[in-house]
Structures are given as structure tokens and as C-alpha cells.
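Subject: Structure for you to look at, with notes

Dear colleague,

Here is the structure that I promised to hand over, with the sequence beside it.

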Amino acid sequence: MLQSIASSSCMQIIQTHKSTWYFVFLVLGYILYLIFGAIVFSSVELPYEAALRKDLMETKANFLRDHECITEESLERFVKEALDASNYGVSILNNTTNWNWDFTSALFFASTVLSTTGYGHTAPLSEGGKTFCIIYSAFGIPFTLLFLTAVVQRIMVYSTRKPISYIHIRWGVSKPLVAIIHSCLLAFLAITCIFLIPAAIFSALEENWNFLESFYFCFISLSTIGLGDYVPGEAANQKFRELYKLGITLYLIMGLIIMLVVLETFCELQQLKQLRKMFYLKKEKTRDRLAILEHDHLSFNSVEDSALSDDKARMFVSVSSLSSRNGDFMIQ
């Protein structure tokens, strides 16, 4: 008996706090997913890092052996300065003639800052540039979000809502089914237009990129991860570099808009809406709203009661007058 009461009470508690339990499982699942990614990356990349470290130390030892006049401390100091400059996009190599802050490169940098991609291959060198970057980003990122939201909202009308409504009304197919098919077709077109085709173009234009590396760059860029290990247009003596950089900037903006349209299309699916509601808090009516509703309800009841009282009074007057008329008629 006690066990049944305890189990029923536990089930009642679980049912009343269902969204909280779903949220706890969501947090635990996210933490496990992070741990899973860390384990995979560590197991895959750690051997390559160890091999690279070994090759680098052997190269350093061979260089010091061949150049006995150079000490290890002076070599490390020189390499450190070269690496620090490289982190700011300045290379020590003689075959590099690219400038990082001409107009097209600066435009490319501004687009990566506002889209929060941030490759990290180029960074402001001066304190004035760093200060302006902070102020520019503080105003520019919300402005970019507003711009992207407005553009995506207008595109969604013609790319998603109207086609789905037209097919639903024209052929009588259920809206959820049409929405799922439309989302899949739109995702396929987006993958083809902003991933596969650009990856093939980049693999042809960039000398040291294969198709996988080009596809990797497209995905990392349009998902705004922006690791910066692959940046197009940075090769030595790149032909038409200014025009190339301008084209990449337009590609990133247009690709990001298409990505957001596809994501918004999937978010409007009824199945995903119901899935999201599982983890959300239920909207509760505030006390003020309940008080207003209760006051309106009482006021409505009082109006009804007064109306009924008036109707009864009118009926009583009518009956009284009718009775008096009948009495007069009888006397006559």
C-alpha cells in the first residue's frame, strides 16, 4: 500500500515537473556530447601533434648542428618574434607580398568581425585599431543581427511560406507533410549551392587545397566557427587578389543568409516546435493578469445579475398592470 502511494506520488511529481526533467536530461546530454567530442579529437589529433613536435625538434637540432655559430637562445628568440608577427598576419618569408590592410582585405576582415566568424589570421596591430574594433563590433554585431533577421524574414515569405501554402491549397496535401518535403529539398539545394559548388571552385583556385579542405573551409566559415587554419586568397602572388577577396566577402554574406533561411525553415516544422516545447518552461499567467481576469469575470457576473434583476422587475410591472386591467374589466 505504501509502495503504491509512494510510486503514485513520484509519478505525480514527475508529471508536474516534466519540462524540468527534460531540461536536466538535455543538459546532461550536452555535457556528454562535449566529452565525446573531446575524446574523439584527442584520440585522433594527439598522434599527429606528437609526430609534428618530433619532426620540428629534429629540424631544430639539425639546423643548430649545421650552424654552430647560432645559439639555441638566439634561434628561439628569432622564431618567437617571427611567430608573433605571423599571428598578426605579417610573414617573414620573402615570397609573400600580400598586404593585410589594403581596402579589400580590410573589407574581408570587417565582414568576418560582424558575422562573428573571426578567422584570427589578421588582427589589429595598433591600439587605435583595437579600440575601434571593440566599438565597431559593439554596434556592428547587433546591427548585423537586425539586418540578417530582416532579410531572412522577407526571404522566408517567398521561399517557404507561400510555396507551402500554395501546394497545400492547390493539391490538398497536408501542410506538415509539405513542410517536411520542402525543408529537405531546400536543404539539398543549399548544400549544393553554398558547400559543394564553392568547394569545387576553391579546390581549383587554391593551389594547396583539395576538395575536402575546401569543403571544410566552407562549412567552418558559414557556421561562423572560423578556425582560421584555412583562409583563401593568402597564397603568395595571388592573381586578382582584390577581386578574389571581394568575391569571398560576398560569398560569406550570401551563404550565411542562405544558412539562416534553411535553419529557420526547419525551426518552423511542427515536429521541431513540439520538440523544443519539451524543454521550455510553461507560460504561467501572472498574478496581475489573473486579478484582472477575475475582476472582469466578477464585473461581467454583476452586469448579468443587474440585467436579470431589471428583466424581472419589468416582468413584475407587466404582470401587475395586466392584473389591474383584468380587475377593471371584471368590475365593469
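Among contacts in the protein between residues at least 6 apart in sequence, what percentage join residues at least 24 apart? The share is 59%, where a contact means heavy atoms within 4.5 Å.

Before the rest, a word on how to read the values. This is a predicted model, in which local features need a pLDDT of at least 70 and side-chain atom pairs count only at pLDDT 80 or more, while totals for chains, interfaces and linings use all residues. Residues are numbered from 1 along each chain as its sequence is written, and side-chain values use heavy atoms, with hydrogens and water left out.

The pLDDT, which is the predictor's confidence in each residue on a scale from 0 to 100, has a mean of 81 for the protein, and 79% of the residues reach 70 or more. Over residues 298-305 the pLDDT stays under 50, and the model gives this stretch zero contacts beyond four places in sequence. Residues 315-332 also have a pLDDT below 50, and that stretch has zero contacts in the model beyond near neighbours in sequence.

As for the fold, the secondary structure comes to 10 helices and zero strands, with helices (H or I, at least four residues) and strands (E, at least two) taken as DSSP runs and numbered from the N terminus. Of the 332 residues, 21% count as buried, a word that means under 20% relative accessible area, with a 1.4 Å probe and protein chains only. The accessible surface, computed by the Shrake-Rupley method with a 1.4 Å probe, comes to about 24900 Å², of which 69% belongs to carbon and sulfur atoms.

Why does Ser183 count as buried? Ser183 counts as buried because its relative accessibility is 1%. This residue sits in helix 6, which covers residues 175-205, and, not counting residues up to four places away in sequence, Ser183 touches Thr265, Phe266 and Leu269.

Next come the spaces inside the protein. On a 1 Å grid over the protein atoms alone, a cavity is a set of points where a 1.4 Å probe fits but cannot get out, whereas a pocket is an open set with protein on both sides within 12 Å along at least five of seven lines, and lining residues have an atom within 4 Å of a point. A volume is the space filled by probe spheres set on the points, which are joined across faces, edges and corners.

There are two cavities of 30 Å³ or more. The largest cavity holds about 70 Å³ of space, and helix 4 (103-114), helix 7 (211-222) and helix 8 (241-267) each supply at least two residues of its lining. Helix 8 gives the largest share, three residues, and residues of the lining include Ser111, Ser221 and Leu252. The second largest cavity has a volume of about 40 Å³, and helix 4 gives the most to its lining, with three residues; among the lining residues are Asn100, His121 and Lys245.

The second largest pocket has about 280 Å³ of space. Its lining includes Leu56, Phe63, Leu75 and Leu83, and the elements that give two or more residues to that lining are helix 2 (18-66) and helix 3 (72-87).

With best wishes,
A colleague

How values were computed: Buried < 20%, exposed > 50% of the residue type's maximum accessible area, 1.4 Å probe, protein only.
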